[in-house]
Amino acid sequence: MVDQDIINWANEKLSSCGKSSKITSFKDSSVSDGRVVIDLIDCIVPGSVKYDLVRDCESDEDRLANAKYAISMGRKIGARIYALPDDIVEVKPKMVLTVFACLMARDIARQGDS
């Protein structure tokens with residue numbers, strides 16, 4: 001498995017559940033607001049995200065709050081995410097990769113549980 005496989009999975013998952021967010025790489029600056037991760041979590045477990053808690057990202061504080069929520073929700077659905085909110089906000093590619101890989105693993109495990 002290579003990085004592009006995880007990116008393709010994420011974008012297909014987002015598209016299949018009607019989300020407009022997507023990523024082009026693990027260096028993609030759009031990751032910094034946490035929304036793509038939050039949307040992906042909502043695709044893996046529909047209805048798990050409370051979008052009224054998601055901020056519009058007008059400040060660094062908003063981005064950090066969204067990243068904290070994304071990691072919290074990822075863990076809540078059973079993904080073993082070890083990244084920190086700052087890793088998402090600062091778009092640290094290797095750590096962003098681990099977030100998406102953990103979500104992908106959780107989705108595959110969830111499908112196997114069904």
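The model is predicted: local features need pLDDT of at least 70, side-chain atom pairs count only at pLDDT 80 or more, and totals for chains, interfaces and linings use all residues. Residues are numbered from 1 along each chain as its sequence is written, and side-chain values use heavy atoms, with hydrogens and water left out.

**The disulfide**

The structure has one disulfide, defined as a pair of cysteine sulfur atoms within 2.5 Å. Its partners are Cys17 and Cys43, with sulfur atoms 1.8 Å apart. The bond links distant parts of the chain. Cys17 lies in the loop between α1 (3-16) and α2 (35-44), and Cys43 lies in helix α2, 26 residues apart. Helices here are DSSP runs (H or I, at least four residues), numbered from the N terminus, and strands are likewise DSSP runs (E, at least two).

**Accessibility of the cysteines**

Buried means under 20% relative accessible area, exposed over 50%, and partly exposed in between (1.4 Å probe, protein chains only).

| Cysteine | Relative accessible area | Class |
|---|---|---|
| Cys17 | 34% | partly exposed |
| Cys43 | 7% | buried |
| Cys57 | 13% | buried |
| Cys102 | 19% | buried |

Cys102 is in no disulfide either. For Cys102, the nearest cysteine sulfur is that of Cys43, 18 Å away.

Lys13 sits in helix α1. With 17% relative accessibility, Lys13 is buried. Contact means heavy atoms within 4.5 Å. Leaving aside neighbours within four places in sequence, Lys13 contacts Leu40, Cys43, Ile44, Asp107 and Gln111. One of these, Cys43, is a disulfide partner of Cys17.

Trp9 is also in helix α1. Its relative accessibility is 13%, which counts as buried. Not counting residues up to four places away in sequence, Trp9 touches Leu40, Ile44, Phe100, Leu103, Met104 and Asp107. Phe100 is 91 residues from Trp9 along the chain, yet their C-alpha atoms are separated by 9.3 Å.

Which residue joins Trp9 in a polar contact of side chains? The partner is Asp107, at 3.3 Å. A polar contact is a pair of N or O atoms within 3.5 Å; within protein, one must be able to donate a hydrogen and the other to accept it, and residues adjacent in sequence count only if both atoms are side-chain atoms. Asp107 is also among the contacts of Lys13.
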